[in-house]
Amino acid sequence: MTTTIGHLIDGAMIDDASRAQDVYNPSTGEVSKQVSLACAGTVERAIASAQAAFPAWRDTPPAKRAQIMFRFKALLEANADKICEMIGEEHGKIHHDAMGELIRGIENVEYACGVPELLKGEHSRNVGPGIDSWSEFQPLGVVAGITPFNFPAMVPLWMYPMAIACGNTFILKPSERDPTSTLFIAELLHEAGLPKGVLNVVNGDKEAVDILLTDERIKAVSFVGSTPIAEYIYSTANAHGKRCQALGGAKNHAIVMPDADMDNAVNQLLGAAFGSSGERCMALSVAVAVGDEAADTLVSKLTEAMKPLKVGAFSEKTNDFGPVITRAHQEKVVGYINSAEADGAQVVVDGRAPAVAGYENGFFVGATLIDRVTSEMVSYQEEIFGPVLQVVRANSMEEAMKLINDHEYGNGTCIFTRDGEAARYFSDHIQVGMVGINVPLPVPVSYHSFGGWKRSLFGDLHAYGPDAVRFYTKRKTITQRWPSSGVREGVSFAFPS
Ligand code: NAD
């Protein structure tokens, strides 16, 4: 009998025996568990629990909240290997990659440990005679997070540590495809001393999400996932009066200039294109080579460097990357390679049918390199989200930049060059939210904030870091005077100046 994964509500695991969905081990292609898909009654329990927990949590001193985050960080570190195993089994990530994701997640917990400092507010004395004014940042109430499959540990940790540290209570709706590590991490936060109801985890699909988007007790929604869903989340949440940040998909380009250190660029591109099977919103999936000579060198060096790459089961630590998430996604990725070929591009390294001995039913796609891709091709326009690197040839840096600026997505980008002036021009004029200069995956550290431009993010504030303090709090500005003989004033009908 398979285990059914339930929900964490009011500090306890519950199974509402409602609809359920299969959870796969993508390395073997077998169903490993089932996950319960919350019905309306379960979501209601979670909202009621978070609502009831809010007043006491709001009034808990920030330093006490931070102490729980300190203990949480220690528990995450103590359980790191176990968490990586859980991620690997349901997502397919190799241990080293799962560990990378977890460490980036823990860094957000570390940032949340500094919340008393972050919530200090702003104070001005004597804004008028005997008048002081200050702004403080108050929590919103119950807030929700909806997260994707590709970072089951890290992306939830972008959201709730800061939301909770700021005094909110939280309802998380993780991806239904790999829920185990997410749920286990939430249990660790309770072990660290979090009062019940402050964090509730509801597994589910659109039915649960739609309630979170429309219930008036939910004050804000953070979302990370694909662009069509991000747009839907943003417009629906906004229409129901909620604050919303919805991070969407991507098509990240790297410009390879003729003067670049080509061997370095090749090494960086390999990890950034094929790491995590390309299932990263910051994956570099397009290399734009400037000039035919640079393109020929790049393609030939990439072809050589890709020969030893190993795709395989998550449990084999020497593999470079694992399977993609589902059979349907594997077919979709192969479909994009087919379409590029049909459109006239050249498949230089073909990963459509990789042989993975002992794992014949796994959802594998091998590292694939496609040359002579053009902007008219569907494989260029859409996010593939697989281990596929496409090379586009441009005649100039301006032409390469225009491709990036014209693309609907604007999450991350990178330029490989030795020319400081070119790099500076690039970072000044490129219409993308996160820019790398000889850095292939410019994912901001936890004390900056993460977010793309254009259709990679709907909303104003980016995820985690300083923007998280603004997103998860509302400003209140208080102006105070204590009348005394020195400053007592008469009646005035003019605006004070
Ligand atoms: P997805 O959009 O399919 O799902 C994300 C979440 O939305 C899940 O919790 C899912 O249950 C829910 N959802 C799905 N369909 C829904 C619907 N119709 N109504 C309401 N909720 C729905 O995304 P995914 O496949 O899990 O993740 C991959 C995508 O996420 C890629 O596009 C990737 O680029 C993107 N992503 C973006 C970032 C970023 O920071 N910009 C980070 C990670 C992933």
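Trainee: What should I know before I start reading?

Mentor: Residues are numbered from 1 along each chain as its sequence is written. This is a predicted model, in which local features need pLDDT of at least 70 and side-chain atom pairs count only at pLDDT 80 or more, while totals for chains, interfaces and linings use all residues.

Trainee: Which domains does the domain assignment give?

Mentor: Domain bounds come from an automatic or database domain assignment. Here the assignment gives domain 1 (4-248 + 456-478) and domain 2 (252-437). Their centres, taken over C-alpha atoms, are separated by 31 Å. Domain 1 puts 19 residues into the contact and domain 2 puts in 24 residues; two residues are in contact if their C-beta atoms, placed from the backbone, lie within 7 Å.

Trainee: Which helices supply the side of domain 1 that touches domain 2?

Mentor: Helices (H or I, at least four residues) and strands (E, at least two) are DSSP runs, numbered from the N terminus. Helix H3 (80-91) and helix H4 (95-112) each supply at least two residues of that side. By class, the side has five nonpolar, 10 polar and four charged residues. In this scheme Ala, Val, Leu, Ile, Met, Phe, Trp, Tyr, Cys and Pro count as nonpolar, Asp, Glu, Lys and Arg as charged, and the others, Gly among them, as polar.

Trainee: Where does the ligand lie?

Mentor: The ligand lies between domain 1 and domain 2, because both give residues to the shell around it. A residue is near a molecule if its C-beta atom, placed from the backbone, lies within 6 Å of it. There are 27 residues around the ligand, and Pro148, Gly225, Ser226, Gly249 and Cys281 come nearest. The shell has 12 nonpolar, 10 polar and five charged residues.

Trainee: How do I read a sheet?

Mentor: Strands of a sheet pair through backbone hydrogen bonds, either parallel or antiparallel. Two strands pair if DSSP finds at least two bridges between them. Four bridges link E6 to strand E7 (residues 131-139), and Glu122 has Ser135 in E7 as its bridge partner.

Trainee: What is the order of the other open sheet of three strands?

Mentor: That order is E1-E5-E4, with mixed pairing. Strand E1 (3-5) and strand E4 (19-25) are its edge strands. E4 and strand E5 (residues 30-37) run antiparallel, joined by seven bridges. Among the residues involved, Gln21 has Val35 in E5 as its bridge partner.

Trainee: Which feature does UniProt place at residues 16-478?

Mentor: The unreviewed UniProt entry places "domain: Aldehyde dehydrogenase" there; UniProt positions are given in the numbering used here, feature names are shortened, and annotations may be inferred rather than shown by experiment. The span is 41% helix and 23% strand, and its end C-alpha atoms lie 46 Å apart.
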